[in-house]
Every structure is written in structure tokens, then in C-alpha cells.
Amino acid sequence: MKAPDDVSAMLKLKALGWGVKRISAELGCSKHTVKRWLGLGAWRPCASPSRSKRLDDHGDWLAERFRRHASNVDVIRQELAREKGIAVSLRTVERAVAPLRRELVAQARATVRFETRPTT
């Protein structure tokens, strides 16, 4: 994946009449990379696949259990299997609650107090 500036540099150099080999040597990338971006004609972000996940519909339930069990993901996974009949790996549950964990860490950082000496 090249940065938008690199791709625009490739396109400008090609417009000046530079060859693919020369552009690739100048920018330090392979000929195939230059050919690909010149073929596209402009920079485009990578397309990430959007597929549904098994725990997408259970966000509120996961958030409630995450708070109840003090972020113990293995207990949440066991309750998922027992109560909802959803058998998933521990890693799947970890990925599902990752935003909640980041939010918890941010809240902990935001509430840290620094004690200072009283002024006399």
C-alpha cells in the first residue's frame, strides 16, 4: 500500500515521460507496484471486506456482561454458550469487546488525579 503522495508522484513522473523502471528505482518500490498504481490512475484506499460477525447482534448483552464480570472475557464466553447457545472461541469474544476495553482504559486514564502540595 502506497501513500497518496507516492502515487501522485508516480503519475507526475509518468506524465513527464519517465518509464516504469526509472520510477520504481526513484521511489524505491517494485515495477509491479508502479504498474498497478499507474493502471489505477489515482490513489484508492484498500477495500476491506464487510462481513457480518456472529456477535454483531449481541452488542448490548456483551457490554452489560463485560461490565458485570469486570472484563473477564472467558466468563462472558461461557455465558454465551450457556445462555444464548453460541459457541465461539475466546479470541472471537476478545475482538467483540475490544472497543469496550479501549473505552475502559480511556476512562481510567481520564480520571487519574495528580496531587500537588498546598500553596502557603
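User: Which side chain does arginine 65 meet in a salt bridge at 3.0 Å, N to O?

Analyst: That's glutamate 83. A salt bridge here is a side-chain nitrogen of Lys or Arg within 4 Å of a carboxyl oxygen of Asp or Glu. Bear in mind that this is a predicted model: local features need pLDDT of at least 70 and side-chain atom pairs count only at pLDDT 80 or more, while totals for chains, interfaces and linings use all residues. Residues are numbered from 1 along each chain as its sequence is written, and side-chain values use heavy atoms, with hydrogens and water left out.

User: Ok, where do arginine 65 and glutamate 83 sit in the chain?

Analyst: The pair links distant parts of the chain, 18 residues apart: arginine 65 is in helix H4, and glutamate 83 is in helix H5 (residues 73-84). Helices are DSSP runs (H or I, at least four residues; strands are E, at least two), numbered from the N terminus.

User: Is arginine 65 buried or exposed?

Analyst: Buried, at 8% relative accessibility. Glutamate 83 counts as partly exposed at 45%. The cut-offs are under 20% relative accessible area for buried, over 50% for exposed and in between for partly exposed, with a 1.4 Å probe and protein chains only.

User: Which residues do salt bridges with shared partners join into one network?

Analyst: Glu64, Arg65, Arg68, Glu79, Arg82 and Glu83. Within it, arginine 65 also meets glutamate 64, at 2.8 Å, N to O. Glutamate 64, partly exposed at 33%, pairs with arginine 68 as well, at 2.9 Å. Glutamate 64 and arginine 68 are 4 residues apart in H4 (residues 59-68), about one turn of the helix.

User: How many salt bridges turn up in the whole structure?

Analyst: The search finds 7.

User: Switching to rings. How many aromatic pairs are there?

Analyst: The count is 0. To pair, rings of Phe, Tyr and Trp (its six-membered ring) need centres within 6.5 Å; planes under 30 degrees apart are stacked, over 60 edge-to-face and the rest tilted.

User: And which charged ends sit over tryptophan rings?

Analyst: Arginine 22 has its charged end over the ring of tryptophan 18, 3.8 Å from the centre. For arginine 36 the ring is that of tryptophan 37, at 4.6 Å from the centre. The rule wants NZ of Lys or CZ of Arg within 6 Å of the ring centre and within 35 degrees of the ring normal.

User: What's the angle between H1 and H3?

Analyst: About 85 degrees, with the axes of H1 (residues 4-15) and H3 (residues 31-40) 10 Å apart. Axes are lines fitted to C-alpha atoms, for helices over the stretch in contact, and angles run from 0 to 180 degrees between N-to-C directions. That makes H1 and H3 roughly perpendicular, a label for 65 to 115 degrees (under 35 is roughly parallel, over 145 roughly antiparallel, the rest oblique). Val7, Met10, Leu11 and Lys14 of H1 touch Thr33, Val34, Trp37 and Leu38 of H3, where contact means heavy atoms within 4.5 Å.

User: Last one: what's the phi of alanine 70?

Analyst: Positive, about 50 degrees, although alanine 70 is not a glycine. Serine 71 has a positive phi too, near 65 degrees. Alanine 70 is in the loop between H4 and H5, and serine 71 is in the loop between H4 and H5 as well. Alanine 70 is exposed at 61%, whereas serine 71 is buried at 18%.
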